[in-house]
Amino acid sequence: MRMKRNSFAGSPTPSKNGSCTYAATVAQAIESRRALLDRALAQLAERPGVLALIAAWLVDTLRRGNRVLIAGNGGSAAEAQHFAAELVGRFKRERAPYPVLALTTDTAVLTAVSNDYGYDHVFARQVTALAGPGDLLMLFSTSGESRNVLAAAEAGRNRGAAVIAFTGQRRSRLERLADLTARLPASDTTLIQELHTIVTHILCELVESELEASRGGE
(Lines give C-alpha, C1' and ligand atoms only; values in the text may rest on other atoms or scores of the structure.)
Protein backbone atom coordinates (compact mmCIF):
# COMPACT_ATOMS: atom_id res chain seq x y z
CA MET A 1 0.00 0.00 0.00
CA ARG A 2 1.42 3.39 -1.02
CA MET A 3 1.43 6.12 1.60
CA LYS A 4 0.01 9.49 0.73
CA ARG A 5 2.74 12.08 0.16
CA ASN A 6 3.47 14.30 3.19
CA SER A 7 1.76 11.88 5.55
CA PHE A 8 3.40 9.92 8.37
CA ALA A 9 2.52 6.47 9.61
CA GLY A 10 0.47 6.71 12.78
CA SER A 11 0.14 10.51 12.56
CA PRO A 12 -2.72 12.51 11.06
CA THR A 13 -1.95 14.89 8.20
CA PRO A 14 -2.30 18.49 9.47
CA SER A 15 -5.50 20.12 8.35
CA LYS A 16 -5.46 23.21 6.17
CA ASN A 17 -6.73 25.28 9.08
CA GLY A 18 -3.99 23.90 11.33
CA SER A 19 -1.33 24.69 8.75
CA CYS A 20 -2.63 28.25 8.46
CA THR A 21 -2.46 28.61 12.26
CA TYR A 22 1.14 27.40 12.31
CA ALA A 23 2.06 29.72 9.44
CA ALA A 24 0.66 32.72 11.29
CA THR A 25 2.50 31.72 14.47
CA VAL A 26 5.78 31.22 12.59
CA ALA A 27 5.42 34.57 10.81
CA GLN A 28 4.74 36.31 14.11
CA ALA A 29 7.74 34.63 15.74
CA ILE A 30 10.03 35.64 12.87
CA GLU A 31 8.85 39.24 13.03
CA SER A 32 9.37 39.35 16.79
CA ARG A 33 12.84 37.83 16.43
CA ARG A 34 13.77 40.26 13.71
CA ALA A 35 12.79 43.21 15.89
CA LEU A 36 14.91 41.91 18.79
CA LEU A 37 17.91 41.24 16.55
CA ASP A 38 17.59 44.61 14.84
CA ARG A 39 17.72 46.42 18.17
CA ALA A 40 20.62 44.35 19.46
CA LEU A 41 22.65 44.69 16.25
CA ALA A 42 22.06 48.45 16.18
CA GLN A 43 23.48 48.69 19.69
CA LEU A 44 26.39 46.44 18.76
CA ALA A 45 27.19 48.59 15.72
CA GLU A 46 27.51 51.62 17.99
CA ARG A 47 30.37 49.99 19.93
CA PRO A 48 32.57 48.00 17.54
CA GLY A 49 35.77 48.69 19.49
CA VAL A 50 35.82 45.55 21.63
CA LEU A 51 35.19 43.24 18.68
CA ALA A 52 37.92 45.04 16.73
CA LEU A 53 40.35 44.41 19.60
CA ILE A 54 39.33 40.75 19.77
CA ALA A 55 39.83 40.39 16.02
CA ALA A 56 43.29 41.96 16.26
CA TRP A 57 44.22 39.66 19.16
CA LEU A 58 42.98 36.60 17.28
CA VAL A 59 44.81 37.54 14.08
CA ASP A 60 48.04 38.24 15.96
CA THR A 61 47.85 34.92 17.83
CA LEU A 62 47.39 32.92 14.63
CA ARG A 63 49.97 34.94 12.70
CA ARG A 64 52.57 34.01 15.31
CA GLY A 65 51.64 30.34 14.99
CA ASN A 66 50.17 30.12 18.48
CA ARG A 67 47.12 28.09 19.40
CA VAL A 68 43.52 29.14 20.01
CA LEU A 69 41.43 27.09 22.46
CA ILE A 70 37.64 27.55 22.69
CA ALA A 71 35.09 26.29 25.23
CA GLY A 72 31.55 26.71 26.50
CA ASN A 73 28.56 24.73 27.80
CA GLY A 74 25.42 23.62 25.95
CA GLY A 75 24.66 26.01 23.09
CA SER A 76 27.97 27.69 23.83
CA ALA A 77 29.71 24.32 23.40
CA ALA A 78 28.15 24.13 19.95
CA GLU A 79 29.38 27.66 19.27
CA ALA A 80 32.90 26.71 20.32
CA GLN A 81 32.83 23.79 17.89
CA HIS A 82 31.30 25.96 15.16
CA PHE A 83 34.04 28.58 15.59
CA ALA A 84 36.80 25.97 15.52
CA ALA A 85 35.29 24.26 12.47
CA GLU A 86 35.25 27.52 10.49
CA LEU A 87 38.90 28.23 11.28
CA VAL A 88 40.32 24.72 10.93
CA GLY A 89 38.26 24.10 7.79
CA ARG A 90 37.42 27.27 5.98
CA PHE A 91 34.98 30.14 6.20
CA LYS A 92 34.92 31.74 2.73
CA ARG A 93 38.45 31.32 1.40
CA GLU A 94 40.66 28.44 0.39
CA ARG A 95 43.69 28.62 2.68
CA ALA A 96 45.82 26.69 5.15
CA PRO A 97 44.07 25.53 8.36
CA TYR A 98 44.56 27.51 11.54
CA PRO A 99 45.55 25.86 14.88
CA VAL A 100 42.21 26.14 16.68
CA LEU A 101 40.76 23.55 19.05
CA ALA A 102 37.33 23.27 20.70
CA LEU A 103 37.63 21.75 24.18
CA THR A 104 34.10 20.32 23.98
CA THR A 105 34.61 17.47 21.51
CA ASP A 106 36.71 14.67 23.05
CA THR A 107 34.19 12.49 24.88
CA ALA A 108 36.88 10.32 26.49
CA VAL A 109 38.58 13.37 28.02
CA LEU A 110 35.28 15.03 28.95
CA THR A 111 33.93 11.96 30.72
CA ALA A 112 37.23 10.96 32.35
CA VAL A 113 37.85 14.41 33.80
CA SER A 114 34.21 14.75 34.89
CA ASN A 115 34.32 11.35 36.56
CA ASP A 116 37.73 11.71 38.22
CA TYR A 117 37.82 15.41 39.11
CA GLY A 118 34.26 16.73 38.70
CA TYR A 119 32.59 18.65 35.89
CA ASP A 120 33.91 21.98 37.19
CA HIS A 121 37.37 20.89 35.97
CA VAL A 122 36.36 19.59 32.53
CA PHE A 123 37.87 22.54 30.64
CA ALA A 124 40.52 23.69 33.12
CA ARG A 125 42.28 20.33 32.98
CA GLN A 126 42.52 20.59 29.17
CA VAL A 127 43.68 24.20 29.31
CA THR A 128 46.42 23.26 31.75
CA ALA A 129 47.53 20.49 29.40
CA LEU A 130 47.38 22.43 26.14
CA ALA A 131 47.74 26.18 26.69
CA GLY A 132 50.90 28.19 27.08
CA PRO A 133 52.23 31.74 26.80
CA GLY A 134 51.12 33.42 23.59
CA ASP A 135 48.09 31.18 23.18
CA LEU A 136 44.53 32.47 23.27
CA LEU A 137 41.62 31.01 25.25
CA MET A 138 38.16 32.05 24.03
CA LEU A 139 35.22 31.30 26.32
CA PHE A 140 31.52 31.52 25.43
CA SER A 141 28.99 31.84 28.27
CA THR A 142 25.56 33.45 28.17
CA SER A 143 25.64 33.99 31.94
CA GLY A 144 29.35 34.41 32.53
CA GLU A 145 28.91 32.44 35.74
CA SER A 146 29.43 28.76 34.77
CA ARG A 147 31.93 27.30 37.22
CA ASN A 148 33.77 25.17 34.68
CA VAL A 149 34.21 28.17 32.38
CA LEU A 150 35.47 30.27 35.30
CA ALA A 151 37.93 27.50 36.20
CA ALA A 152 39.09 27.42 32.57
CA ALA A 153 39.73 31.17 32.65
CA GLU A 154 41.79 30.82 35.83
CA ALA A 155 43.76 27.93 34.30
CA GLY A 156 44.41 29.99 31.18
CA ARG A 157 45.76 32.89 33.21
CA ASN A 158 47.96 30.52 35.20
CA ARG A 159 49.37 29.10 31.96
CA GLY A 160 50.14 32.56 30.56
CA ALA A 161 47.46 32.46 27.86
CA ALA A 162 45.30 35.47 27.05
CA VAL A 163 41.61 35.02 27.94
CA ILE A 164 38.75 36.45 25.90
CA ALA A 165 35.11 36.06 26.97
CA PHE A 166 31.82 36.35 25.09
CA THR A 167 28.81 36.89 27.37
CA GLY A 168 25.45 38.63 27.55
CA GLN A 169 25.02 42.22 28.64
CA ARG A 170 25.24 41.81 32.39
CA ARG A 171 28.57 41.94 34.18
CA SER A 172 29.87 38.62 35.46
CA ARG A 173 32.69 36.86 37.26
CA LEU A 174 33.99 35.67 33.90
CA GLU A 175 34.47 39.27 32.79
CA ARG A 176 36.62 39.91 35.87
CA LEU A 177 38.88 36.97 34.96
CA ALA A 178 39.16 37.74 31.24
CA ASP A 179 41.62 40.07 29.58
CA LEU A 180 38.89 41.24 27.24
CA THR A 181 35.12 40.64 27.23
CA ALA A 182 32.52 41.15 24.52
CA ARG A 183 29.32 41.82 26.48
CA LEU A 184 26.65 41.51 23.82
CA PRO A 185 23.51 43.66 24.21
CA ALA A 186 20.99 41.00 25.22
CA SER A 187 19.74 39.31 28.38
CA ASP A 188 17.66 36.53 26.81
CA THR A 189 19.72 33.34 26.47
CA THR A 190 18.57 32.50 22.95
CA LEU A 191 19.23 36.02 21.68
CA ILE A 192 22.70 36.00 23.25
CA GLN A 193 23.46 32.72 21.47
CA GLU A 194 22.28 34.13 18.14
CA LEU A 195 24.49 37.19 18.61
CA HIS A 196 27.42 34.91 19.49
CA THR A 197 26.98 33.19 16.12
CA ILE A 198 26.91 36.52 14.28
CA VAL A 199 30.04 37.67 16.11
CA THR A 200 31.75 34.36 15.32
CA HIS A 201 31.11 34.85 11.61
CA ILE A 202 32.36 38.46 11.72
CA LEU A 203 35.58 37.34 13.41
CA CYS A 204 36.10 34.46 10.96
CA GLU A 205 35.75 36.80 8.00
CA LEU A 206 38.16 39.34 9.50
CA VAL A 207 40.72 36.65 10.34
CA GLU A 208 40.66 35.13 6.88
CA SER A 209 40.79 38.49 5.13
CA GLU A 210 43.67 39.80 7.23
CA LEU A 211 45.82 36.69 7.33
CA GLU A 212 45.41 35.76 3.68
CA ALA A 213 45.98 39.34 2.53
CA SER A 214 49.24 39.51 4.48
CA ARG A 215 50.38 36.14 3.12
CA GLY A 216 49.58 37.25 -0.41
CA GLY A 217 51.99 40.13 -0.01
CA GLU A 218 54.87 37.95 1.14
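How many helices and how many strands does the secondary structure of this protein chain come to? Eight helices and five strands. Keep in mind that this is a predicted model.

Let's start with the whole chain. From the N terminus on, the elements run α-α-β-α-β-α-α-β-α-β-α-β-α. The chain has 218 residues, and buried residues make up 40% of them. The chain exposes about 12,100 Å². Carbon and sulfur atoms supply 54% of that area. Now the contacts. Take those between residues at least 6 apart in sequence: 69% of them join residues at least 24 apart.

Next, the sheet. In what order do the five strands sit? The order is β2-β1-β3-β4-β5, in an open sheet with parallel pairing. The edge strands are β2, residues 100–102, and β5, residues 180–183. Each of these two pairs on one side only. Neighbouring strands of the sheet are turned against each other by 15° on average, ignoring direction.

Look at the pairings around β3. Strand β1 covers residues 68–72, and β3 covers residues 136–140. These two pair in the parallel sense over five bridges. L69 stands opposite L137 in β3. On to β4: β3 and β4 also pair in the parallel sense, over five bridges. There, L136 stands opposite A162 in β4.

Stay with β4 for a moment. Is this strand enclosed or open? Six of its six residues are buried, so β4 is largely enclosed by the rest of the structure. In a regular strand, side chains alternate between the two faces of the sheet. In β4, A162, I164 and F166 point one way. V163, A165 and T167 point the other way. Both sets are buried.

Zoom in on T167, which is found in strand β4. Its relative accessibility is 1%, and buried means under 20%, so T167 counts as buried. What does T167 touch, beyond residues up to four places away in sequence? The partners include S141, T142 and G144. They also include S172, L174, T181, A182, R183 and L184. I192 and H196 are on the list too.

Helix α6, residues 147–158, lies across β1, β3 and β4. α6 runs at about 170° to β3.

Let's take α2 apart. It has 15 residues, 49–63. At 1.5 Å a residue, α2 should span 21 Å, and its end C-alpha atoms are 21 Å apart, so the two agree. Which residues of α2 are buried? They are L51, I54, A55, L58, V59, T61 and L62. Seen down the helix axis, the buried residues of α2 fall within an arc of 160°, so they line one face. An α-helix has 3.6 residues a turn, so residues three or four places apart point the same way. After α2 comes G65, with a positive phi near 85°.

V59 is buried, with a relative accessible area of 6%. Set aside its neighbours within four places in sequence, and V59 is in contact with L206, V207, E210 and L211. V59 and C204 are 145 residues apart in sequence, but 9.8 Å apart in space, C-alpha to C-alpha.

S214 is found in helix α8, residues 189–216. Its relative accessible area is 28%, which makes S214 partly exposed. S214 and R63 are 151 residues apart in sequence. In space, C-alpha to C-alpha, S214 and R63 are 9.4 Å apart.

Last helix: α3, residues 75–88. α3 has 14 residues and reaches 20 Å from its first C-alpha to its last. That is close to the 20 Å expected at 1.5 Å a residue. The buried residues of α3 are S76, A77, E79, A80, F83, A84, E86 and L87.

Methods: Residues are numbered from 1 along each chain as its sequence is written. This is a predicted model: local features need pLDDT of at least 70, side-chain atom pairs count only at pLDDT 80 or more; totals for chains, interfaces and linings use all residues. Side-chain values use heavy atoms; hydrogens and water are left out. Helices (H or I, at least four residues) and strands (E, at least two) are DSSP runs, numbered from the N terminus. The expected span of a helix is 1.5 Å times one less than its number of residues. Buried means under 20% relative accessible area, exposed over 50%, partly exposed in between (1.4 Å probe, protein chains only). The arc is that of the directions from the helix axis to the C-beta atoms. Two strands pair if DSSP finds at least two bridges between them. Axes are lines fitted to C-alpha atoms, for helices over the stretch in contact, and angles run from 0 to 180 degrees between N-to-C directions. Contact means heavy atoms within 4.5 Å. Accessible areas come from the Shrake-Rupley method with a 1.4 Å probe; for residues, only the protein chains shown count as cover.
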